[in-house]
Amino acid sequence: MKHLLASLRDTEPALYPVLAKRWRVTITNLSPQETVEALANAMQDASIAQGVYDSLDDAQRGALQTLVGAGGAKMPRMMFTRMYEDIRKPARGLIDREKPQQNPKGAAEALFYRGIVYEAFEQAPTGARAV
């Protein structure tokens, strides 16, 4: 499983302001690396994390519990999104136009735009797959 910093470095930069607002981080005038570090610090702060967790509804908490209960706290992306809806990929236009962080289509998207879940790739017996 990827480390938090590596996951944030691999995150689409258009998502940084969304995550910063959710995790109460000021990123104005920060470099991308400083932004990643500031977000990682906030995400590891128990009081801030509790507030983010408390903002989840029952369906979102259920999706998170399903993921945590899965082997290694990960599952194939196809399975997770089949159960909890697909995640619209972050891009500046999508975020500005559709505001998925405010209007998530499902529990998976709500968790993604809070920075609680992310997509990575792993090697499976059938080849590379998204998890």
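Thr 35 is part of helix α3, which spans residues 32–43; helices (H or I, at least four residues) and strands (E, at least two) are DSSP runs numbered from the N terminus. The model is predicted, so local features need pLDDT of at least 70 and side-chain atom pairs count only at pLDDT 80 or more, while totals for chains, interfaces and linings use all residues. Residues are numbered from 1 along each chain as its sequence is written, and side-chain values use heavy atoms, with hydrogens and water left out.

Thr 35 has a relative accessible area of 4% and is therefore buried (under 20% relative accessible area, 1.4 Å probe, protein chains only). Apart from neighbours within four places in sequence, Thr 35 contacts Tyr 16, Ile 27 and Leu 30 (contact: heavy atoms within 4.5 Å).

The protein contains 8 helices and 2 strands, in the sequence order α-α-α-α-α-α-α-α-β-β. Its radius of gyration is 14 Å, which agrees with the value near 14 Å for a compact globule of 131 residues; the radius is taken over C-alpha atoms, and the globule rule is 2.2 Å times the number of residues to the power 0.38. The C-alpha atoms fill a box of roughly 45 × 30 × 30 Å along the principal axes.

| Item | Share |
|---|---|
| Buried residues, of the 131 residues | 41% |
| Contacts joining residues at least 24 apart, among those between residues at least 6 apart in sequence | 51% |

The side chains include 17 positive and 15 negative ones, and the centres of the two sets are 2 Å apart. Lys and Arg count as positive and Asp and Glu as negative, without His and the chain ends; each charge is placed at NZ of Lys, CZ of Arg, CG of Asp or CD of Glu.

Terms used:
Buried means under 20% relative accessible area, exposed over 50%, partly exposed in between (1.4 Å probe, protein chains only).
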